[in-house]
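Please keep the sequence and the coordinates at hand while reading.

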Amino acid sequence: MKTRLKPATAAAATALTLAFAAGPLHAQVGATGRLLASNCFQCHGTNGKGPGFDDIAGKSVGEIAKKLKEFRAGKEGNGIMAKHANGYTDEQLVLLDKWLSTQR
Ligand code: HEC
């Protein structure tokens, strides 16, 4: 699969790769994932734990990213989430997913 990256995203991906090599990857995923996920809390509650629409925190790794890809493909939902999911690259969906999965 070919993914087009905007320069800013490519830079973020590079930073992430460097973080892999440097060590505290968890912290890097955490900071970026949390920033990305802050956009979700208006509807899904602080830290994704409601009140609001479906609870999106504390799912197993991969679940949220899978759902968001289904929304993006138009296979799921009423359109609200398709619009949101479309705004993120695959890499960003993974960061979102990883961070949200750590929220209990
Ligand atoms: C404008 C409000 C709004 C925002 C912002 C929003 N969502 Fe949603 N989300 C919804 C609604 C409404 C539903 C349920 C309706 C549907 O399935 O289309 C939903 C459903 C979901 C589901 C499915 C949950 C399940 O158990 O089936 C996931 C996963 C999800 N959202 C993740 C996210 C993530 C991640 C973000 C941030 C990038 C986000 N949402 C931002 C409104 C929102």
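Helices (H or I, at least four residues) and strands (E, at least two) are DSSP runs, numbered from the N terminus. Read in this way, the elements of the protein run α-α-α-α-α-α from the N terminus on; there are six helices and zero strands. The model is a predicted one, in which local features need pLDDT of at least 70 and side-chain atom pairs count only at pLDDT 80 or more, while totals for chains, interfaces and linings use all residues. Residues are numbered from 1 along each chain as its sequence is written, and side-chain values use heavy atoms, with hydrogens and water left out.

A residue is called buried under 20% relative accessible area, exposed over 50%, and partly exposed in between (1.4 Å probe, protein chains only). Of the 104 residues in the protein, 33% are buried.

On a 1 Å grid over the protein atoms alone, a pocket is an open set of points with protein on both sides within 12 Å along at least five of seven lines, whereas a cavity is a set of points where a 1.4 Å probe fits but cannot get out; lining residues have an atom within 4 Å of a point. A molecule sits in such a space if more than half of its atoms lie within 2 Å of its grid points. By this criterion, the ligand sits in the largest pocket.

Which residues are closest to the ligand? Counting a residue as near when one of its heavy atoms lies within 4 Å of the molecule, 19 residues surround the ligand, and the closest are Cys40, Cys43, His44, Lys67 and Met81. Helices H3 (41-44), H4 (63-72), H5 (80-86) and H6 (90-101) each supply at least two residues of this shell. The largest share, four residues, comes from H4. By class, the shell has twelve nonpolar, five polar and two charged residues. In this classification Ala, Val, Leu, Ile, Met, Phe, Trp, Tyr, Cys and Pro count as nonpolar, Asp, Glu, Lys and Arg as charged, and the others, Gly among them, as polar.

A nitrogen atom of the ligand lies 2.8 Å from an N or O atom in the side chain of His44. The side chain of Lys67 has an N or O atom 3.0 Å from an oxygen atom of the ligand. Asn78 takes part through its backbone, a polar atom of which is 3.0 Å from a ligand oxygen atom.

The two cysteines named above deserve a separate remark. Cys40 is buried, because its relative accessible area is 16%, whereas Cys43, at 33%, is partly exposed. A disulfide is a covalent bond between the sulfur atoms of two cysteines. With a cut-off of 2.5 Å between the sulfur atoms of a pair, the structure holds zero disulfides.

The loop between H3 and H4 contains Asn47, Gly48 and Pro51. Asn47 has a positive phi of about 60 degrees although it is not a glycine, and its relative accessibility of 22% makes it partly exposed. Gly48, by contrast, is buried at 0%. Further along, a cis peptide bond with omega of about 5 degrees joins Gly50 and Pro51.

Gly33, in helix H2 (residues 25-37), is buried because its relative accessibility is 0%. The C-alpha atoms of Ala37 and Asn47, ten residues apart along the chain, are separated by 7.9 Å. Gly48 and Ser101 are 53 residues apart in sequence and 9.9 Å apart from C-alpha to C-alpha. In helix H4, Leu68 counts as buried because its relative accessibility is 10%.

Key: Polar contact = N/O pair within 3.5 Å; in protein donor to acceptor, adjacent residues only side chain to side chain.
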